[in-house]
Amino acid sequence: MKKFYTLLTALLCAATMMAQTNVPRTKIAYKAPSNAAAFSFSDIKNWSGEGSYSAALALKWTGSEYTWVFGYHFDGEKTGADMIMEIAANNPRFFVLAASTAYGTTVGGFGWDADNNGFELKDANGNTVTADERGVYTISGTNFDSYTAASEADFWNSGWMSKGYWSYNIATNPAEKISYASTGCTGRKLADGVWDLWLFSPFSGETNTWGDFVAVPANQETPTAIDDVAADKTIASVKYVNLAGQMSDTAFEGVNIVVTTYTDGTKATAKCVK
């Protein structure tokens, strides 16, 4: 009887790991970005890889109003994991937290150095974690919930069991349909013109839905805050809000939420540090 329960426990653990890696969570439906029909591969500025085929990687952090889009060129057989790792290697401001398992790569965190002054990741004990030369933090197991960005100005979400998780979605035309991925990123075989879309889904009751698509700036550009994603609009006003909720026409010392209002009535928010 003891052997039976031991075997049953082992099988359940294996099944859980398979589910976490290949079909991470329950399917969640989200409305596509409002500009999905208008945004095309020609709008992408930040490209990695080489080849005649193209794919897009889109990420939506809870701290950003927008869904950020990278481009990826490739030939031959490539996976969603290949795209993530090659984009990370080509972008010094982009970071990935992942675990290598028997079933492939499990991604539990994405980060972006929003203030462009370096990115630092801390573990549960407050110790600095070191990324490899690609900007990838590889850990044992899937305890992604215990990692935080040292700077509140940087974009960072990670989680698996308590904070939330990165929902993995795919599309050929995001304006028509965004589907929950049926495999993990290692099992995802890329094709020309496909989209891989990652959205952090918090467990706290907070909601996070797709924001408008915006192009991540090319590496040679030196953008600030939200990276001038609405450069084609006319700015009416810019306000700075500190962590105490105070508002000013000029930036406060430390972390600021920058609220930009445009003449068409729309607004954009971003984090910056003075």
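Guide: A residue is called buried under 20% relative accessible area, exposed over 50% and partly exposed in between (1.4 Å probe, protein chains only). The model is predicted: local features need pLDDT of at least 70, side-chain atom pairs count only at pLDDT 80 or more, and totals for chains, interfaces and linings use all residues. Residues are numbered from 1 along each chain as its sequence is written, and side-chain values use heavy atoms, with hydrogens and water left out.

The setting comes before the detail. The protein has two helices and 18 strands, taken as DSSP runs (H or I of at least four residues, E of at least two) numbered from the N terminus. Of its 274 residues, 48% are buried. Among contacts (heavy atoms within 4.5 Å) with a separation of 6 or more, 62% involve residues 24 or more positions apart.

The part to examine is an open sheet of four strands, ordered E8-E4-E5-E10 with mixed pairing, where two strands pair if DSSP finds at least two bridges between them. Strand E8 (136-139) and strand E10 (155-158) are the edge strands, each pairing on one side only. On average, neighbouring strands of this sheet are turned by 25° against each other, direction ignored; axes are lines fitted to C-alpha atoms, for helices over the stretch in contact, with angles from 0 to 180 degrees between N-to-C directions. Strand E5 (residues 104-112) runs antiparallel to E10, and four bridges join the two. Within that pairing, glycine 109 has serine 158 of E10 as its bridge partner. Helix H2 (residues 80-90) packs on the sheet and touches strand E4 (94-101), E5 and E8, its direction making about 140° with that of E4.

The packing of side chains continues this picture.

Aspartate 196 lies in strand E13 and is buried, with a relative accessible area of 1%. The side chains of aspartate 196 and tyrosine 168 are joined by a polar contact of 2.6 Å; such a contact is a pair of N or O atoms within 3.5 Å, where within protein one must be able to donate a hydrogen and the other to accept it, and residues adjacent in sequence count only if both atoms are side-chain atoms.

Other charged side chains form salt bridges. The structure holds five of them, each a side-chain nitrogen of Lys or Arg within 4 Å of a carboxyl oxygen of Asp or Glu. One of them joins glutamate 77 and lysine 189, at 3.5 Å from N to O. This pair links parts of the chain 112 residues apart: glutamate 77 is in the loop between strand E3 (67-74) and H2, and lysine 189 in the loop between strand E12 (179-180) and strand E13 (194-202). Glutamate 77 is exposed at 65% relative accessibility, whereas lysine 189 is partly exposed at 47%. Arginine 134 and aspartate 132 meet in a salt bridge of 2.7 Å, N to O; arginine 134 is partly exposed at 29%, and aspartate 132 is partly exposed at 26%.

Two bridges join strand E6 (residues 121-122) to E9, and leucine 121 stands opposite alanine 149. Lysine 122 forms a salt bridge with glutamate 120, with the closest N and O atoms 3.0 Å apart; lysine 122 is partly exposed at 22%, and glutamate 120 is partly exposed at 33%.
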